[in-house]
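Please keep the model open while reading.

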Amino acid sequence: MGAVSGRLPDFPWDKLTSFAETARAHPDGIVDLSIGTPVDATPEVARRALADAVDAPGYPTTVGLPEVRQAVVDWLAGVHGVTGLDTDQVLPLIGSKEFIATLPSYLGLGPGDVIGYPALAYPTYEVGAALVGAKAVATDSLTAFGPETPALLWINSPSNPTGRVLPPEHLRKVVDWCRERGVLLVSDECYLDCVWEGEALSVLHPDICGGSADGILVVHSTSKRSNLAGYRCGFVAGDRAVVAELLAVRKNLGMMMPTPAQRAMVAVLGDEAHVKEQHERYRARRTKLRAALEGAGYTIEHSEAALYLWTTKGPDGPDSWALVSELAAQGILVAPGAFYGAAGNHHVRIALTASDERIDAAVARLSGQA
């Protein structure tokens, strides 16, 4: 029996080690804009809820507290206009990444099945397909599947890495296409609260799905909207029968969000003030960093949402690794677009998740002032 790790792609972040060393050698230290981990304080509303729930001697349940599932239903309705959802259509997750990587196994997929995901995509979609030996197809075109019908199709709007927001008419087309063919559509919406230009809609919005969650799941996270990456709080919601099947499998595996973390998630989903405050922090950083990059000769594409600037010097310019090297020489560490698919070979993903002081340091370096 071969090692499971042999089925998987190399862990991409390991390839940045030498560039990180170069960036750390800068006299004023590294500005790490690569992984995109939140650095601002966890909101007080979450910390209070966690402290109040610290006495938790019993096992949590996989289905989660009723209050958690109701908070998700209320938040999706109140903030994102999702109607008709009930608490039996929601499951808490131990962060969204574990679910994205293991969903194909919960669904019983394997060799002979096709899993589709965007041409530029979060690498964990591919990992999930590789774990079960399914065929992975990275494409933005539904016609690219030809006569094959995927068992599972991922979409991601707003996108990681590009920050692109799919328009409503495109989302409706994907929903209809999947329903006609019996394809489970799973929408990664972890950046739905991080929109800078225009508007982004959940696929569970009635204008997109016709008021029915049949054949659809959405995945959300509190990591970026609420600086809770260390708490591992996310959720999946949608098709009642699929959620019931996920619950039946996950409770046998002990996939349980800790009770204090559940209480914290209830608190942050019920409070939009901290989200607006953090949003404005990121907006200010984005404005400064974008201007500095453009002033230094870079081009920003898409990036109307999410917490990244999708950056290039054009299709005839340096490849993504050369861009990483160029910026590392200035003490700025970024992620190569090649991490996210062949279509990213001339881009880098630059995160906004650094302190104001570090963003200012990057701006000064890009402007030739440091």
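The model is predicted. Phi of Asn 227 is near 55°, a positive value in a residue that is not glycine. Most residues other than glycine have a negative phi, and most peptide bonds are trans. Asn 227 counts as buried because its relative accessibility is 6%, under the 20% cut-off.

Ser 303 also has a positive phi, of about 65°, and is not a glycine. Its loop runs between strand E9 (299-301) and strand E10 (308-312). Is Ser 303 buried or exposed? Ser 303 is buried, at 0% relative accessibility.

The peptide bond between Ser 157 and Pro 158 is cis, with omega at about -5°. Pro 158 belongs to the loop between E5 and H6.

Gly 81 lies in the loop between helix H3 (66-80) and strand E2 (90-93). Gly 81 is partly exposed, with a relative accessible area of 25%. That value falls between the 20% limit for buried and the 50% limit for exposed. Leaving aside residues up to four places away in sequence, Gly 81 touches Leu 76, His 205 and Pro 206. From Gly 81 to Pro 258 the separation is 177 residues in sequence and 29 Å in space, C-alpha to C-alpha.

## Pockets

The largest pocket has a volume of about 740 Å³. Its lining counts 32 residues, and those nearest the centre are Ile 35, Lys 97, Tyr 122, Thr 124 and Asn 160. Helix H4 (96-106) and helix H5 (124-132) each supply at least two lining residues. Which element gives the most to this lining? H4 does, with 4 residues.

The second largest pocket has a volume of about 440 Å³. It is lined by 24 residues, of which Pro 118, Thr 139, Asp 140, Arg 164 and Leu 166 are closest to the centre. Strand E5 (152-156) and helix H6 (168-181) are the elements that give two or more residues to this lining. E5 gives the most, with 4 residues.

## The whole chain

The secondary structure comes to 12 helices and 13 strands. Along the principal axes, the C-alpha atoms fill a box of roughly 55 × 55 × 45 Å. How does the radius of gyration fit a compact globule, and what is its value in this chain? The chain has 21 Å, which agrees with the value near 21 Å for a compact globule of 370 residues.

Buried residues make up 55% of the 370 residues. The accessible surface of the chain is about 15200 Å², and 52% of it belongs to carbon and sulfur atoms. Take the contacts between residues at least 6 apart in sequence: 75% of them join residues at least 24 apart.

Conventions:
Residues numbered from 1 in each chain as written. Predicted model: local features only at pLDDT ≥ 70, side-chain atom pairs only at ≥ 80, totals over all residues. Heavy atoms only, no water. 1 Å grid on protein atoms, 1.4 Å probe; cavity = no way out; pocket = protein on both sides within 12 Å on 5 of 7 lines; lining within 4 Å. Points joined across faces, edges and corners; volume = space filled by probe spheres on them. Rg over C-alpha atoms; globule rule 2.2 N^0.38 Å. Buried < 20%, exposed > 50% of the residue type's maximum accessible area, 1.4 Å probe, protein only. Contact = heavy atoms within 4.5 Å. Areas by Shrake-Rupley, 256 points an atom, 1.4 Å probe, with all protein chains shown as cover.
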